[in-house]
Amino acid sequence: MKDINRIKVVLVEQKKTGKWLAEQLGKDPSTVSKWCSNKMQPSLEMLVNIAKILDVDTRELIVITKQ
């Protein structure tokens, strides 16, 4: 699967962990790990929640497909 989201990149930039994000979302750390490795994708609603928690625009969490 192609890299679709940038959750891991944003977490690294903010010096936060997947475990921290899982706690904030009330999700299992293994689910967040799958999102970070692009093995699975969060729903659009969850992506919006992640953006709010990380205080970024939702678009920053998505890989740019067109320049």
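Start by selecting Ile7, Leu21, Trp35, Ile50, Leu54 and Leu61: these have the most contacts inside the largest nonpolar core, which has 16 residues. A nonpolar core here is a set of buried Ala, Val, Leu, Ile, Met, Phe, Trp, Tyr and Cys residues joined through side-chain atoms within 4.5 Å. Next, colour helix H1 (7–13), helix H2 (18–25), H3 and H4, the elements that give two or more residues to this core. H4 gives the most, with 5 residues. Helices are DSSP runs (H or I, at least four residues), numbered from the N terminus.

Before moving on, a word on the model. It is predicted, so local features need pLDDT of at least 70 and side-chain atom pairs count only at pLDDT 80 or more, while totals for chains, interfaces and linings use all residues. Residues are numbered from 1 along each chain as its sequence is written, and side-chain values use heavy atoms, with hydrogens and water left out.

Now centre on Leu61. Leaving aside residues up to four places away in sequence, Leu61 touches Ile4, Asn5, Arg6, Ile7, Val10, Leu47, Ile50, Ala51, Leu54 and Val56; contact means heavy atoms within 4.5 Å.

Two backbone stops remain. Go to the loop between helix H3 (29–36) and helix H4 (44–54) and pick Asn38. Asn38 is not a glycine, yet has a positive phi of about 60°. Is Asn38 buried or exposed? Its relative accessibility is 5%, so Asn38 counts as buried (buried is under 20% relative accessible area, exposed over 50%, partly exposed in between, with a 1.4 Å probe and protein chains only).

Finish at Asp55, in the segment after H4. Asp55 is also not a glycine and has a positive phi of about 55°, and Asp55 is exposed, with a relative accessible area of 70%.
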